[in-house]
Amino acid sequence: WSLCIISTPLIHWTSRSKQSAPARDQFQEELVIRPLHSGDIYASFQFRTLWDIDFLQERQKVSHYRLFPKSLGQVLSKFSVRELHISFTQGFWRTMQWGQPFIPSPPGAELWVWFHDTVSDVDGNWKELTNVLSGIFCASLNFIDLTNTVQPSASFKPLGLGNATDHRFLRYATLPREIVCTENLTPWKKLLPCGSKAGLSVLLKSEKLFHSSFHSQAVHIRPVCQDEQCTSKAWELRQTLNVVFDLYTSSQGKKEWSLFKMFSRTLTEACPLATSSKIYVDITDNPELNPVTPLLSQAVVLGDRRTYSVFDLTRAETFGQLCSLNLLLRWKGDSDMLRPLLHAERYVAGFGLQTGEIHTVIYNNHPYRAFPVLLMDSVPWYLQLYIHTLTVTSKSRDNKPSYIHYQPAKDRHRPHLLEMLIQLPPHSMTEVTVQFERALLKWTEYTPDPNHGFYVGSSVVSALVPSMVAMNTNFTQDQPLFSSFVPVKEESSYFVRVYTEPLLVNLPTPDFSMPYNVICLTCTVVAVGYGSFYNLLTRTFQVDEPSLPLEKRLANLIRRIRGVPLLA
Amino acid sequence: MDYYNLMRIFAFIHLLVSIPHGYSNYVETKAGQFFSSGHTNNWAVLVCTSRFWFNYRHVANTLSVYRSVKRLGIPDSHIVLMLADDMACNYRNPKPATVFSHKNMELNVYGDDVEVDYRGYEVTVENFLRVLTGRLPPSTPRSKRLLSDDRSNILIYLTGHGGNGFLKFQDSEEISNMELADAFEQMWQKRRYNELLFIIDTCQGASMYERFYSPNLMALASSQVGEDSLSHQPDLAIGVHLMDKYTFYLLEFLEEVHPASQANMNDLFKVCPQSQCVSTPGHRTDLFQRDPGSVLITDFFGSVRKVEITKDTINLTSPVEPPIQRSGSGDIQIESLTYVDQLPVAEIIHQKPKQKDWHPPDGFILGLWTLILLVFFQTYGIKHLKHIF
């Protein structure tokens, strides 16, 4: 009890100090817990900072940062960034077993940035931006260069406010090999206003988060509407963390989950700097939830109407008598999962180290509606694609895409970029195949472990999927964060992005000891062959006098001293 | 009686006078000791050069030194940590996000707030030498730079697989002892260090410091030339050896050290004698100007700040209020801003082709124009040129 009493005056004090100077930034935090049909549990954290300021205005030099992290603010103003999306993911999202995620992300690291129209050298800004971000997030983002950057022409439209979208200002890159570990989580947590000391971020303990099937942390920065009338812009920074805990490794096979089991922590207070701090638990399939709360909310997200139990952490009574909140969730039985309407897979076919075939399979599980999808493929230059072998078949019939944008690769300069708008027939499987040939790399271009293989980044499938339930197009301030990430323009469809698996291809690996062997062999041949020939031609033989016995040598010494000619 | 009393009083007064004098002497010697090292900041460069899961122990070595150095006060901004492979989140690690140094998983040296500056493929000989000499590309972030000055004490720790005169980086390249000595000479000439402590835990580690020739260098190695450094103990659950012997006993020694400790370098030289380490650790102090017995461990491993207390008051300037900018009092933006369409199908299909870069005219076009001009001048003659232009 005493702990609860101490914490509430703190909240009152900070709110009073806020009233004295009008705060132009606000912070909201949210956790959504969704039990999945396979017995796993999906937890999605979202931390949002909204700041009413314009970084790109010349006259106003921003020097006072309160909730918005200074390192990111300086990056935005220095490089004239309009939108920045970066994600670090460990594991692959299994759409067929888990449904659609709230925030999709590909395995490894992904960075896509929209620059402002005033930028004259986009490539230079991009290179410096990747280096700065690699320092902020302790990741090897400096490996992003022109050989793995593409400029998509139709995918990755800005998720924020804006009208003109000239794709010359967009850059997209992925690093499928990038490892995510505590060293990436630490600086990510430091960007939060409360750090990892208070609020929902106390649950972010790395030993539990990385012992999961899927872990993804992301930072999304974009300009959004400040209010419902949408007359002015505000900067929004969203830090999202999605994690799926496995039934067998974390819960010993029992479909009983609690906050303590998932995160090895319980909640004791909300972040004092947050205006709203909520936990939403998905109870649509009627699991057993303890403690029960009277607050319920319904939201339509990803084409499905779901009911959530809401826990408001800014209210002291949520924490109960023990001053700590530990949610217990239990469910049994298998009910039907809503089948995800869009799903994609990708694999490499073929044998040997010379040629191969990339197959991308897209499934449309809608029973009667057809809809178009935009498939974007970025393949590194060392897999030389033969576009004349590109085939798109649906239901074993040829399906001609209505838009194809192909930019061929330039060896060691640029990767392949293939974007296609394909109309998917209802309830069908569409297969896109293209043949490729593996190139020979120079021996210095191989990684220290070349026999592991080389990664090809995930394909991105973007689509407006027809929704069974009417989506909410109104923008309200107290909308839960997980439903307001993607702007909804029309009621009948929702935007979804599906990432396929990354590919791992083996390139023909040379024997790296060969330069050493060649040098040894060549030097030996030259020494033995040419050397002996040279000796034969240029060596002269001289008759050598046998060495004198000791007495004669002594006598010679005395004669040399006397200055007299020596003995023979 | 009076005489004796007087003597006693005199002796007492003499004692009273001499005590503060003796005390001030004591304070002066202490102060002298305090400011004798001459450094104002501490840096650490900790490098693990081995890749692959079976070299878990090298990562654990580096992380245990990182942990000690952080515990004794050096902040992350002054530590350049280079790990050539990721062991903590490796798929073969049965306990993800942990790296253990003691068997039975007693001590997790990876911790909860580690910041690795160079990881994976970035740990190369070139990057290591660039970090030491400061010759990095201008876009390198601050956390990847060694921003030391001439009053910095630097600790450099290397571990991995090595041989007589070289250290192997990531199974594909090596750094020789001559390159390292030259790098330190560059650092000396550019005044990038005040004193430098070099510790290396590899096989035949003493060969790496044989060629040093710059002043103010002290070096320690885990084994002499011709000897192998051995690993300590395996953990049966993880399946690999967790630490090397020398760094294991070094960690045990450093766990006893706290920021105010007076342990000096002579104690560090005694760490891991041959009975424990099997190899003979070596050290080199001939290039170092101070006596190793007077060098504190915290001079290199910790970041003990020298504080001068002042009794003067300092007036701080009043904070400047930033002027609250209003977005133009006159103009009212009536038109509301909208979000961009995520998948505008019609727009995409009818997208104008991207503006192609200008290329010089093709051979055919050039030939065509030449033909036209030739025919023109044939018919009309050059002298009519001035009428046309």
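Mentor: What follows takes chain A as a whole, then one of its helices, then the sheet and the annotated sites of chain B. Please keep in mind that this is a predicted model.

Trainee: What does the secondary structure of chain A come to?
Mentor: Chain A has ten helices and 26 strands. Its radius of gyration is 33 Å, whereas the globule rule gives 24 Å for 568 residues, so the chain is more spread out than a compact globule.

Trainee: And what does the C-alpha trace span along its principal axes?
Mentor: The C-alpha trace of chain A spans about 125 × 70 × 60 Å.

Trainee: How much of chain A counts as buried?
Mentor: Of its 568 residues, 53% are buried. Chain A exposes about 26,200 Å², and carbon and sulfur atoms supply 56% of that area.

Trainee: Is helix H5 of chain A mostly covered or mostly open?
Mentor: Helix H5 (residues 182-190) of chain A is mostly covered, with eight of its nine residues buried. Among them are Glu183(A), Trp188(A) and Lys189(A).

Trainee: What covers those buried residues?
Mentor: The cover of H5(A) includes strand S2 (41-51), helix H4 (122-137) and strand S8 (233-245) of chain A, together with S3 of chain B.

Trainee: Turning to chain B, in what order do the strands of the open sheet run?
Mentor: Seven strands form the sheet, in the order S3-S2-S1-S4-S8-S9-S10, with mixed pairing. Its edge strands are S3 (118-119) and S10 (282-284) of chain B, each of which pairs on one side only.

Trainee: In which sense do S1 and S4 pair?
Mentor: Strand S1 (residues 41-48) and strand S4 (residues 152-159) of chain B pair in the parallel sense over eight bridges. For Ala44(B), the bridge partner in S4(B) is Leu155(B).

Trainee: What lies across those strands?
Mentor: Helix H2 (residues 56-71) of chain B lies across S1, S2, S4 and S8 of that chain, running at about 165 degrees to S2(B).

Trainee: Where does UniProt place the active site?
Mentor: The unreviewed UniProt entry places the feature "active site" at His161(B) and Cys203(B). These residues are spread over 43 residues of sequence, yet they cluster in space, with a largest C-alpha distance of 6.5 Å.

Trainee: Which residues is it in contact with, leaving aside neighbours within four places in sequence?
Mentor: The contacts of His161(B) include Thr49(B), Asn55(B), His58(B) and Thr202(B).

Definitions and conventions
Residues numbered from 1 in each chain as written. Chains lettered and ligands numbered in written order. Predicted model: local features only at pLDDT ≥ 70, side-chain atom pairs only at ≥ 80, totals over all residues. Heavy atoms only, no water. Pairing = 2+ DSSP bridges. Helix = DSSP H or I, 4+ residues; strand = E, 2+ residues; numbered from the N terminus. Contact = heavy atoms within 4.5 Å. Axes fitted to C-alpha atoms, helices over the stretch in contact; angles between N-to-C directions. Rg over C-alpha atoms; globule rule 2.2 N^0.38 Å. Buried < 20%, exposed > 50% of the residue type's maximum accessible area, 1.4 Å probe, protein only. Areas by Shrake-Rupley, 256 points an atom, 1.4 Å probe, with all protein chains shown as cover. UniProt positions renumbered as here; feature names shortened; annotations may be inferred.
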